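Visitor: Could you walk me through how the helices and strands are arranged here?
Guide: Gladly; let's look at it together.

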Amino acid sequence: MRFESTEQYVATDELKMAVNAAITLQKPLLIKGEPGTGKTMLAEQVAQSLGRKIISWNIKSTTKAQQGLYEYDAVSRLRDSQLGDDRVHDVANYIVKGKLWEAFESDGEAPVLLIDEIDKADIEFPNDLLHEIDKMEFYVYETKETVKAVQRPIVVITSNNEKELPDAFLRRCFFHYISFPDKQTMTDIVNVHYPNLKQELLKEALEVFFEVREVTGIKKKPSTSELLDWIRLLVAEDMDADALKNRDKASAIPPLHGALLKNEQDVQLLEKLAFMARRELA
């Protein structure tokens with residue numbers, strides 16, 4: 001059982017090694033990297049590559065660790081008791097299973113459990129899951145039962161590095177940082193999504209893309225997903241490589257830049273640089 005690149009996902013040798021090491025060690029794989037580097041898609045492609053079911057738990061700022069285990073619906077039980085429903089006599093009818101419970105009792109081969117953007121939650125969130133992730137079990141107080149994993153799921157945890165994670169949590173994970181793809185890797189990624197794209201256009205598009213990313217002061221650097229959107233627009237507008245290569249060199253604003261730049265300040269910065277370049281040429 002080894003993870004390899006798929007038709008939809010180009011994984012570097014370092015990333016493949018990290019995934020397979022985490023599986024061998026039976027530890028959660030903690031993936032960090034800037035937005036748009038394919039962290040969430042990685043879990044989906046690991047599941048596809050290994051032929052496993054994927055269970056996704058998308059974390060929000062209001063998410064609590066308990067929700068991943070189970071929730072007790074006391075309101076519904078109170079309502080049913082007022083209506084004389086016989087279901088109220090069994091508290092198990094009001095236990096709502098969370099994503100971890102779903103992963104723990106999954107039949108067949110061990111599923112892939114994605115805990116996506118864990119750093120969005122409260123700082124105590126990772127610590128609240130230490131025992132469950134380490135021992136692969138938890139206790140249900142309402143029914144007085146212990147839920148144990150039938151088989152240990154492959155756990156992938158993503159983080160955008162917005163806040164530091166507790167040391168105790170980090171010690172239980174295998175860590176890998178996804179660096180932003182270089183030009184060759186990015187070329188491979190684009191070719192996966194646009195296999196018929198003219199290589200001349202791709203070459204010029206990547207030159208512009210990386211030029212924008214390297215501009216000092218850019219707050220929201222364009223990511224892989226934004227590059228793919230931009231190329232899709234270039235193709236839709238029937239723009240060729242010459243249109244990019246022979247554009248006004250004094251202009252720092254790439255054509256259809258709305259697909260690349262998602263921050264008003266970044267657009268204004270490039271416009272300012274273009275104005276200064278035109279003055280120097282004059």
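Visitor: How are H9 and H10 oriented to each other?
Guide: This is a predicted model, where local features need pLDDT of at least 70, side-chain atom pairs count only at pLDDT 80 or more, and totals for chains, interfaces and linings use all residues. Residues are numbered from 1 along each chain as its sequence is written, and side-chain values use heavy atoms, leaving out hydrogens and water. The axes of H9 (residues 183-193) and H10 (residues 199-213), lines fitted to C-alpha atoms over the stretch in contact, come within 11 Å and cross at roughly 130°. Angles between N-to-C directions run from 0 to 180 degrees; under 35 is roughly parallel, over 145 roughly antiparallel, 65 to 115 roughly perpendicular and the rest oblique, so H9 and H10 are oblique.

Visitor: In what order do the five strands of the open sheet lie?
Guide: Helices (H or I, at least four residues) and strands (E, at least two) are DSSP runs, numbered from the N terminus. Two strands pair if DSSP finds at least two bridges between them. The edge strands, E2 (54-58) and E9 (174-177), each pair on one side only. The pairing is parallel, and the order is E2-E5-E8-E1-E9.

Visitor: Which residue in E9 does Lys32 stand opposite?
Guide: Strand E1 (residues 29-32) runs parallel to E9, and four bridges join them. Opposite Lys32 stands Tyr177.

Visitor: Which strands does helix H1 touch?
Guide: H1 (residues 13-25) packs on the sheet, and its direction makes about 170° with that of E9. Counting contact as heavy atoms within 4.5 Å, H1 touches E1, E8 (154-159) and E9.
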